Amino acid sequence: MTGEHRKLALLLFCAFVALTLAITLWAGRRRHGSPEEFYAGGRLFTPMENGFALSGDYLSAASFLGVSGLIALYGYDGVLYSVGFLVAWLVVLLLVAELVRNCGRFTLGDVVACRLRRPHVRFAAGISSVTVSVLYLVAQMVGAGSLVALLAGGHTGGARTAAVAGVGALMVTYVVLGGMRATTWIQIVKAVLLLAGALTLTVLVLLRFHGDPGALLDAAAGRSGHGSDFLAPGLAYGGGLVDRLDFLSLGLALVLGTAGLPHILARFSTVPTAASARRSAVWSIGLIGGFYLMTIVLGFGAAALVGGAAVRADDPSGNTAVPLLALDLGGGAGSAGGTILFAVVAAVAFATILAVVAGITLASSASVAHDLYATVRRARARRRPGRTRRPAGTAGGPGEVTVARVAAAVIGALAIGLGLLARDLNVAFLVGLAFAVAASANLPVLLYALFWRRFTARGALWALYGGLGPAVLLVVFSPVVSGSPAALFPGVDFHVFPLQNPGLVSVPLGFLAGWLGTVTSAEPADPVRHAKTQVRALTGAGAA
């Protein structure tokens with residue numbers, strides 16, 4: 001990488017950072033310190049604005065860097081990520097968008113508490129939300145490290161550490177100073193830049209092959225190093241029964257996980273009505289669908305123009321395939337066009353990471369303050385006679401917002417440390433793990449609380465912990481952590497679970513645990529509470 005590449009890319013980085021900091025300061029001056037303003041931006045965004053923000057929140061470094069890289073390395077099997085991430089939005093639109101807006105206030109815990117007014121259930125929902133958010137943050141940190149290491153001309157520890165620490169500091173600044181209002185506008189700006197950048201690269205790739213997709217696929221297969229197998233299923237997941245089960249596990253996690261992601265659920269609270277939430281989801285499906293179609297072209301374009309060997313040599317996980325493709329499309333290393341296009345793509349990728357981590361950090365800090373801290377504070381208030389008890393599920397005032405800001409800093413530090421530890425893993429793969437945990441713990445309790453008449457507090461606890469615990473444990477004892485050259489700890493081997501993604505086992509366990517906890521509960525279900533929840537979910541009566 002030449003000095004010109006670095007200078008121009010860093011200049012564009014600085015321009016985007018300056019723009020986002022200006023947005024943060026503008027939003028910070030308009031905030032009033034209330035939880036509704038900090039967590040939901042005052043619920044003042046239009047469906048189109050929220051649709052773009054949802055797209056910005058969802059299209060992460062895994063989408064732009066990781067998915068295209070996996071397609072460049074594994075062809076057909078890599079396309080599974082594009083299809084899975086897109087199909088997942090149908091679950092969000094059909095099952096949860098309007099209902100979550102009507103039943104929730106800020107977090108997943110609010111939705112569950114609408115049906116089950118038990119402090120320990122809200123606390124468990126907060127624990128699960130924070131776990132999913134931290135796993136998702138780690139993927140973004142790994143993407144930031146790979147990108148800046150590429151710009152630095154090598155995968156040095158110093159460059160990665162500086163990149164991850166810088167992203168962590170910026171995301172904490174966005175959340176602490178600007179809250180949801182700043183985060184939303186940053187997401188909108190980032191979505192426009194990302195879609196424009198992806199569209200430009202897609203057009204250039206198709207022009208290189210005279211608009212002939214067949215020629216593109218033939219060239220990709222020829223330079224992939226795998227021949228015709230590159231365009232057939234099985235390259236990554238066809239080696240045996242374990243690989244095929246991993247394929248099913250990943251698909252299950254991707255399709256079901258989106259509906260349980262805390263930062264996606266939180267974004268439905270930024271619009272005034274349930275109808276606006278539904279229209280937001282429709283806007284986001286169109287934008288996200290178009291983007292993932294473009295990632296397929298970019299992935300095969302990288303294989304065809306850069307070559308699978310070159311992509312793998314630069315980054316074995318494929319995270320730098322799109323920047324390398326941009327360099328080639330612009331005229332190659334040393335050319336003015338290559339320098340400009342590479343710098344633009346690198347800046348857009350960096351903007352993608354910054355915007356996504358801000359949304360995830362806000363959602364996780366909201367869970368800490370609104371679900372964990374507020375629950376503990378209310379429990380202590382009950383034990384003190386003469387104190388006015390705050391109703392469960394209500395906002396906790398300025399003190400809660402202060403706790404959320406402190407939690408953002410703590411979560412940022414944790415994400416930085418874990419991001420450095422997992423620096424050699426593919427970002428799309430890491431996001432797949434976060435989706436698996438979300439689908440295993442958050443989705444079962446969400447669907448049961450909204451739709452099952454007999455659901456009880458015991459069932460909710462069993463669903464949350466019965467999905468979260470196995471998902472995390474299976475990851476710890478999988479080849480992701482030990483027992484393989486690409487593991488977090490390649491020098492040791494304590495893995496006993498053969499699959500890399502736990503979704504195939506942990507998702508059914510989460511639903512089974514919720515059912516078993518309910519049917520064995522001595523506490524009967526509350527039909528009145530269920531009826532009230534149904535009315536609120538379907539009509540919006542009593543919604544915040």
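This is a predicted model: local features need pLDDT of at least 70, side-chain atom pairs count only at pLDDT 80 or more; totals for chains, interfaces and linings use all residues.
## Buried or exposed: a starting point

A residue is called buried when its relative accessible area is under 20% and exposed when that area is over 50%, with partly exposed in between.

Let us begin with helix α15, which runs over residues 336-382 and has 47 residues. At 1.5 Å a residue the helix should span 69 Å, and this agrees with its end C-alpha atoms, which are 68 Å apart. Follow α15 along and you will come to a kink of about 30°, centred on A374.

Is α15 mostly covered or mostly exposed? The helix is mostly covered, with 35 of its 47 residues buried.

## Aromatic rings

A pair of aromatic rings is described by two things, the distance of the centres and the angle of the planes. The count here comes to 19 aromatic pairs. One of them joins F38 and Y39, an edge-to-face pair with 5.6 Å from centre to centre and 70° between the planes. F38 has 3% relative accessibility, so it counts as buried, and Y39 is buried too, at 3%.

Y58 and F85 make another edge-to-face pair, with centres 6.2 Å apart and planes at 90°. Y58 belongs to helix α3 (residues 47-58) and F85 to helix α5 (residues 76-103), so this pair ties together parts that lie 27 residues apart in sequence. Both Y58 and F85 are buried. They are also members of one aromatic cluster, which includes F64, Y81, W89 and Y136.

## A buried charge without a salt bridge

Next, look at D77, which sits in helix α5. D77 is buried yet has no salt bridge. Which side chain of opposite charge is nearest to D77? That is R244, 8.6 Å away. A salt bridge needs a nitrogen and an oxygen within 4 Å. D77 does have a polar neighbour, however: a polar atom of its side chain lies 3.1 Å from the backbone nitrogen of L235.

## Salt bridges across the chain

How many salt bridges does the structure hold? There are seven. One of them joins the side chains of E98 and R278, with 2.9 Å from N to O. This pair links distant parts of the chain, since E98 is in helix α5 and R278 in helix α12 (residues 274-305), 180 residues apart. E98 is partly exposed, with a relative accessible area of 28%, and R278 is partly exposed at 33%.

Another salt bridge is formed by R122 and D110, whose closest N and O atoms are 2.8 Å apart. R122 lies in helix α7 (residues 119-151) and D110 in helix α6 (residues 108-115), twelve residues apart. R122 has 4% relative accessibility, so it counts as buried; D110, at 5%, is buried as well.

Finally, return to R118 from the opening. Its side chain meets that of E523 in a salt bridge of 2.4 Å, N to O. R118 is in the loop between α6 and α7 and E523 in the loop between α19 (503-519) and α20 (527-539), so the pair ties together parts that are 405 residues apart in sequence. E523 counts as partly exposed, at 31% relative accessibility. Salt bridges that share partners also join D110, R122 and D371 into one network.

Key: Residues are numbered from 1 along each chain as its sequence is written. Side-chain values use heavy atoms; hydrogens and water are left out. Helices (H or I, at least four residues) and strands (E, at least two) are DSSP runs, numbered from the N terminus. The expected span of a helix is 1.5 Å times one less than its number of residues. The bend at a residue is the angle between axes fitted to the seven residues ending there and the seven starting there. Buried means under 20% relative accessible area, exposed over 50%, partly exposed in between (1.4 Å probe, protein chains only). Rings of Phe, Tyr and Trp (its six-membered ring) pair if their centres lie within 6.5 Å; planes under 30 degrees apart count as stacked, over 60 as edge-to-face and the rest as tilted. Lys and Arg count as positive and Asp and Glu as negative; His and the chain ends are not counted. A polar contact is a pair of N or O atoms within 3.5 Å; within protein, one must be able to donate a hydrogen and the other to accept it, and residues adjacent in sequence count only if both atoms are side-chain atoms.
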